[in-house]
Amino acid sequence: MKPSGLSRREFMKLAGLGGVVLVSGCATGPGATGAVAESEFYFVQLSDPHWGFEGPDINPDAKVTLKKAVAAVNAMSPQPDFVVFTGDLTHTTDDPKERRRRMAEFRDIASALKVKDVHFMPGEHDASLDNGKAFKEFFGATHYTFDHKGVHFITIDNVSDPMASIGEEQLRWLAADLAAQPKDARIVVLTHRPLFDLYPQWDWATRDGAQAIALLQTHDNVTVFYGHIHQENHFMTGNIAHHSAKGLMFALPAPASQPKRLPIPWDASAPYKGLGWRDIEAETTPVHYAITELPVA
Amino acid sequence: MLKAAAAAALLGLAAIGARAQAKPRVIPITARKFTYEPDVVTLKQSEPVIFRLTSEDVVMGFSVPDFGIRGTIIPGQATDVALTPAKTGEFTFLCDVFCGTGHEEMNGTLRVVA
């Protein structure tokens, strides 16, 4: 347990625990949301477990990687307030029965998390071939909001449409939700694909993401956490920080670093290199999200 | 009378202009899970072309982000996408409609030469 008077991040830094990289720099501002009780907390982002993927050259430990990540989260002390999975829970399959089998297995593994407050969202591998039908059967809505200790979380679905669009209906929903938030509300967006054009040549974009960003831009304290690209990437659009997470099955090359977007082969001399997960500590004054990148094993 | 003559003259000029313009070369490209045929296409800079896209199985996309063009390919019908490339080089075209297990590898190369 951390001593009182230190933030969890300060404690981990001093103790030399876990953190591989500390990344700061998200939204800043007064964060004076007033009536809602605020306190510091942290949550865990797990992304792109691609359950069902097979490729011995890419990940010979495919059947245990997610389980190891769950065990690593369970070993944290104190435990996070909640866990989010930012999409591609399963690896895609053309067979609807196999898709559901993979989702059932994934759900069983994720149920071993000690933290029971877990938020799921789909990636294109889960949802693009059936417009999110199987995902909804197992995990519920594909876009939704929730509030936690003064932070408003918005989950945006940019994958149920195989054309990688959020769509007019969801954009109207987003606009209505944002209209109900104070301008200085602390807002965190969780999504799968980058909302901005990170590298459209590899399909790393959301077709109507600029419309979502324009809506979010009207608020002072917005930070986006996403997956899809299986690596860290930190980017600003105006005053909005966008942070992508590492994946839990295979790493992908940096954008434009090579001609093809092919998974990075497994390095036997450094197992799990390029894979990982993160904890995110929400700090109140100023509004700030401290990211600690953590290894699978 | 004078108006009619002027209109006829304008129409004639327009027809001459149209004849002077190069007719776009039509390049058929067939998409199927999870390839394009052909997957390497060579064009000349400033050459107007039309990609005539068809799909043999499911809905596919054809996107060339470097030129800001794309089309959705519906099985059973042809989709035309026009391009007059202003720059030379090698550019990726890819499927931007998630189409299945091999979607991420479904791409090709556009070579634009001087």
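How many residues of chain A are in contact with residues of chain B? In this predicted model, 13 residues of chain A meet nine residues of chain B. On the side of chain A that touches chain B, five residues are nonpolar, four are polar and four are charged.

Six strands form an open sheet in chain A, running in the order β5-β6-β7-β8-β10-β9 with mixed pairing. Strands β5 (144–148) and β9 (233–237) of chain A take the edge positions; each has a single partner strand, so one side of each is left without a neighbour in the sheet. From one strand to the next, the twist averages 20 degrees. Within this sheet, strand β7 (residues 186–190) of chain A pairs with strand β8 (residues 221–226) of chain A in the parallel sense, over five bridges. One residue pair gives a handy landmark here: A:I187 has A:V222 in β8(A) as its bridge partner.

The nonpolar cores round out the picture. In soluble globular proteins, nonpolar side chains tend to be buried together. The largest nonpolar core here has 66 residues, and A:A69, A:V189 and A:L248 are those with the most contacts inside it. Leaving aside neighbours within four places in sequence, A:L248 is in contact with A:L46, A:S47, A:D48, A:P49, A:T65, A:L66, A:A69, A:L275, A:W277 and A:V296. Another core, of 21 residues, lies apart from the largest one, and includes A:L129 together with B:Y36, B:M60 and B:F62.

Technical notes. Residues numbered from 1 in each chain as written. Chains lettered and ligands numbered in written order. Predicted model: local features only at pLDDT ≥ 70, side-chain atom pairs only at ≥ 80, totals over all residues. Pairing = 2+ DSSP bridges. Helix = DSSP H or I, 4+ residues; strand = E, 2+ residues; numbered from the N terminus. Axes fitted to C-alpha atoms, helices over the stretch in contact; angles between N-to-C directions. Contact = placed C-beta atoms within 7 Å. Nonpolar A, V, L, I, M, F, W, Y, C, P; charged D, E, K, R; others polar. Core = buried A, V, L, I, M, F, W, Y, C linked by C-beta atoms within 7 Å. Buried ≥ 20, exposed ≤ 12 C-beta atoms within 10 Å, placed from the backbone.
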